[in-house]
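User: I would like to go through a structure with you, one topic at a time. Please keep the answers plain.

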Amino acid sequence: MEFESVPAQQYLGGDGLTSTTAPGATFANRSDLAAHYKSDWHRYNLKRREAGLPMLREADFQARLEAALALRRERESREERSGTGHLK
């Protein structure tokens with residue numbers, strides 16, 4: 001997949017501020033953009049970019065996050081029931 005060459009910093013689009021790590025999102029002001037830069041979504045997309053993978057839209061990121069959290073809860077619940085949670 002080809003990526004458009006865009007600076008990693010924000011640029012002012014027609015509708016507001018945007019970021020290459022937030023595909024499809026626009027930010028009304030710099031504080032909203034700064035909040036994005038502190039988000040797990042931003043950090044996740046930075047890691048994807050380093051790995052040569054495409055950026056995820058926020059809805060796709062949230063779906064992956066919820067699936068990962070559900071899997072973790074299931075795994076922890078299973079460990080509690082088996083009594084082997086203390087073993088590594």
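User: Which residues are exposed on the other side of helix 2?
Analyst: Lys47 and Glu50 are exposed there. Exposed means over 50% relative accessible area, buried under 20%, and partly exposed in between, with a 1.4 Å probe and protein chains only. Please note that this is a predicted model, in which local features need pLDDT of at least 70 and side-chain atom pairs count only at pLDDT 80 or more, whereas totals for chains, interfaces and linings use all residues. Residues are numbered from 1 along each chain as its sequence is written, and side-chain values use heavy atoms, with hydrogens and water left out.

User: And which residues of helix 2 are buried?
Analyst: Helix 2 covers residues 40-50, and its buried residues are Trp41, His42, Asn45 and Arg48. Down the axis of helix 2, these buried residues fall within an arc of 120°, so they line one face of the helix. The arc is taken from the directions that run from the helix axis to the C-beta atoms.

User: What covers the buried residues of helix 2?
Analyst: The cover includes helix 1 (30-37) and helix 3 (58-82).

User: Stepping back, how do the elements run from the N terminus on?
Analyst: The order is β-β-α-α-α, with three helices and two strands in the protein chain. Helices (H or I, at least four residues) and strands (E, at least two) are DSSP runs, numbered from the N terminus.

User: What follows just after helix 2?
Analyst: Gly52 is found there, with a positive phi of about 80°.

User: Back to Asn45, then. Buried or exposed?
Analyst: Asn45 counts as buried, at 0% relative accessibility. The side chain of Asn45 reaches the backbone nitrogen of Leu56 at 2.8 Å. Leaving aside neighbours within four places in sequence, Asn45 is in contact (heavy atoms within 4.5 Å) with Thr21, Pro23, Met55 and Leu56. Asn45 and Pro23 are 22 residues apart along the chain, and their C-alpha atoms are separated by 9.7 Å.

User: What does the side chain of His42 make a polar contact with?
Analyst: The partner is the side chain of His36, at 3.5 Å. A polar contact is a pair of N or O atoms within 3.5 Å; within protein, one must be able to donate a hydrogen and the other to accept it, and residues adjacent in sequence count only if both atoms are side-chain atoms. His42 lies in helix 2 and is buried at 9% relative accessibility, while His36 is found in helix 1 and is buried with a relative accessible area of 4%.

User: What else does His36 contact, leaving aside neighbours within four places in sequence?
Analyst: The list for His36 is Ser19, Thr21, Ala22, Phe27, Trp41 and His42. Thr21 is 15 residues from His36 in sequence and 9.0 Å away in space, C-alpha to C-alpha. His42 also touches Thr21, along with His36 and Tyr37, not counting residues up to four places away in sequence.

User: Changing topic: how many aromatic pairs does the structure hold?
Analyst: There is one aromatic pair. Tyr44 and Phe61 form this pair, which is tilted, at 5.4 Å centre to centre and 50° between the planes. Tyr44 lies in helix 2 and Phe61 in helix 3, so the pair ties together parts that are 17 residues apart in sequence. Rings of Phe, Tyr and Trp (its six-membered ring) pair if their centres lie within 6.5 Å; planes under 30 degrees apart count as stacked, over 60 as edge-to-face and the rest as tilted.

User: Are those two buried or exposed?
Analyst: Tyr44 counts as partly exposed, at 29% relative accessibility, whereas Phe61 is buried, with a relative accessible area of 7%.

User: Which residues make up the largest nonpolar core?
Analyst: It has seven residues, namely Leu17, Ala22, Ala25, Phe27, Leu33, Trp41 and Phe61. A nonpolar core is a set of buried Ala, Val, Leu, Ile, Met, Phe, Trp, Tyr and Cys residues joined through side-chain atoms within 4.5 Å. Ala25 is in contact with Leu17, Thr18 and Trp41, leaving aside neighbours within four places in sequence.

User: Finally, where is Asn29 found?
Analyst: Asn29 is in the loop between strand 2 (17-18) and helix 1, and is partly exposed with a relative accessible area of 33%. The side chain of Asn29 makes a polar contact with that of Ser31, at 2.7 Å.
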